[in-house]
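Please keep the model open while reading.

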Amino acid sequence: MGILLLPELIPPEAPESSFLLEGDIIKVSPFRVFSSASPKWPKRRGTVQIPYIISYKYDKPSVKIIKEAFADFAKFTCVKFVPYSYQRDFVSIMPMAGCFSSVGRTGGMQVVSLAPACLRRGKGVTLHELMHVVGFWHEHSRADRDKYISISWNEILTGFEINFMKSWNSNMLVNYDYSSVLHYGRYAFSMTGLPTIIPLSDPHVALGQRWNLSSSDIARVNKLYKCSPTLTEPELDQQPN
């Protein structure tokens, strides 16, 4: 999922025929499409371990980017992505068509797709998908979003309005954050080229950065998993365009 949800990062089919919700979240079941009950990964001795396998199809630079994203979680939270060693539940990262993942621990093997386009701008899109894996939804989808953003329904691609539904979810553990790596960009699924998301507090604020975990992203992970406080604060490598 790129900053503006670039066409090559999302499947071409309409949501009703897609296996994805909100562009990059795998639907677990047609009966749980909007469920916000995301099982957490187990925590042992203060650490949450998420086993992973990385496809052999990735080249070395791609693997390096994915592991940089892993390192951010290890640095700022108690979540650690660890090499798979026959655990029952694990993530399999592979270059399928687009960027998508499940929300939370779904049981058994769960796929995280990171196509080459997902890695083109660095670790940001990987961080976005891994935040889904850890248990979080899109920031614009939280139930209190109307206090912070306005959705321009007339600008959204026909059939894609479902991507802008809202619900009570785990993101609401912390305050709304325009700079969250989980926030949609302002032109997400735009039909006309005009913004679909308009921030209410400041019309010029940047939305949908894909560079780093924001301070609130880190805080929500640590709050969900009751991690010990960390003194380390993230620094943005680059500012969003």
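Which backbone oxygen lies 2.8 Å from a polar atom of the side chain of histidine 140? The backbone oxygen of asparagine 163 does. The model is predicted, so local features need pLDDT of at least 70 and side-chain atom pairs pLDDT 80 or more, while totals for chains, interfaces and linings use all residues. Residues are numbered from 1 along each chain as its sequence is written, and side-chain values use heavy atoms, without hydrogens and water.

Histidine 140 is found in the loop between helix 2 and strand 9 (149-151). Helices (H or I, at least four residues) and strands (E, at least two) are DSSP runs, numbered from the N terminus. At 0% relative accessibility, histidine 140 counts as buried (under 20% relative accessible area, 1.4 Å probe, protein chains only).

Helix 2 is largely enclosed by the rest of the structure, because 11 of its 11 residues are buried. Glycine 135 follows helix 2 and has a positive phi, near 135 degrees.

Helix 1 and helix 2 pack against each other as listed here.

| Helix | Residues | Members of the contact (heavy atoms within 4.5 Å) |
|---|---|---|
| Helix 1 | 60-76 | Ile65, Ile66, Ala69, Phe70, Asp72, Phe73 |
| Helix 2 | 124-134 | Thr126, Leu127, Leu130, Met131, Val134 |

By class, this contact of helix 1 with helix 2 has nine nonpolar, one polar and one charged residues. Nonpolar means Ala, Val, Leu, Ile, Met, Phe, Trp, Tyr, Cys and Pro; charged means Asp, Glu, Lys and Arg; the others, Gly among them, are polar.

The axes of helix 1 and helix 2 come within 9 Å and cross at roughly 50 degrees. Axes are lines fitted to C-alpha atoms, for helices over the stretch in contact, and angles run from 0 to 180 degrees between N-to-C directions.

Methods
Buried < 20%, exposed > 50% of the residue type's maximum accessible area, 1.4 Å probe, protein only. Polar contact = N/O pair within 3.5 Å; in protein donor to acceptor, adjacent residues only side chain to side chain.
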